[in-house]
Amino acid sequence: VTLPTTTGVVYTEVREGSTVTVTAAAAEGYVLADGAITEWVFEFTDVPCQPGTVEIPVPAAPAPVGPTCSAPGSLTLVDGASFTWAGPRVLGAGTHTVTATAKDGFVFVGGKATVSYTVTVLAATGFQSTDASKPCYVAPSTVSKPVVPAKPAAVVVPPRRPTPQLAATGAEGVLAAGATAAALALMGALGIAWSRRSARS
């Protein structure tokens, strides 16, 4: 009840349960007019709050964690006290549409029950070996290209031709010639003796 402001009148409000009684009396130095109404009774009925009547701030778009050279980024959704995110709570690389829904008894500013955002989570950046001033640089490998050894080839060596021996000279030659002549003479004598023996027989 909103009490009026009237010069020379003092208002009194008494509440009992759902009933409010307002009484008017003359202020000091004043009198109320004859027949003036000096009491008003108001009855109130409690009305429960309806769902969706409390406005809450719109949650900010969730921010993804950036990727590294070898791992993709990620997006983590955290529910609030008066709203929840739909779907998985952790999302990987890709483009995702995420939706927040106000809980019963709440709406976002503007009267909306839901709010959605499109968020892109980046894949791993990968390594590179072309620019040392940029992230994820890896120096090129210095290992030479592997080679396969060839099978050794067998080499056939022809036999060597014998070297002829030269005839002996000097004293050695004389001795050798003498020995040969003596042998021939002995064989001749043996042959003659054998022939005579055969003739006698």
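Start with strands β6 (83-85) and β8 (94-102) of this predicted model. Three bridges join β6 to β8, and the two strands run antiparallel. Within the pair, select Thr-84 and then Thr-101 in β8: these residues are bridge partners.

The open sheet now shown has three strands in the order β6-β8-β10, with antiparallel pairing. At its edges are β6 and β10, each of which pairs on one side only. From one strand to the next, the twist averages 20°.

Now move to the loops on either side of β6. Select Asp-79, in the loop between β5 (75-76) and β6, and Arg-89, in the loop between β6 and β7 (90-91). Arg-89 and Asp-79 form a salt bridge, with 3.1 Å between the closest N and O atoms. The structure holds one salt bridge. This pair links distant parts of the chain, its residues being 10 apart.

Is Gly-111 buried, exposed or partly exposed? Its relative accessibility is 48%, and therefore Gly-111 counts as partly exposed; the cut-off for exposed is over 50%. Finally, select Ile-56, which lies 55 residues from Gly-111 along the chain.

How values were computed. Residues numbered from 1 in each chain as written. Predicted model: local features only at pLDDT ≥ 70, side-chain atom pairs only at ≥ 80, totals over all residues. Heavy atoms only, no water. Buried < 20%, exposed > 50% of the residue type's maximum accessible area, 1.4 Å probe, protein only. Salt bridge = Lys/Arg side-chain N within 4 Å of Asp/Glu carboxyl O. Helix = DSSP H or I, 4+ residues; strand = E, 2+ residues; numbered from the N terminus. Pairing = 2+ DSSP bridges. Axes fitted to C-alpha atoms, helices over the stretch in contact; angles between N-to-C directions.
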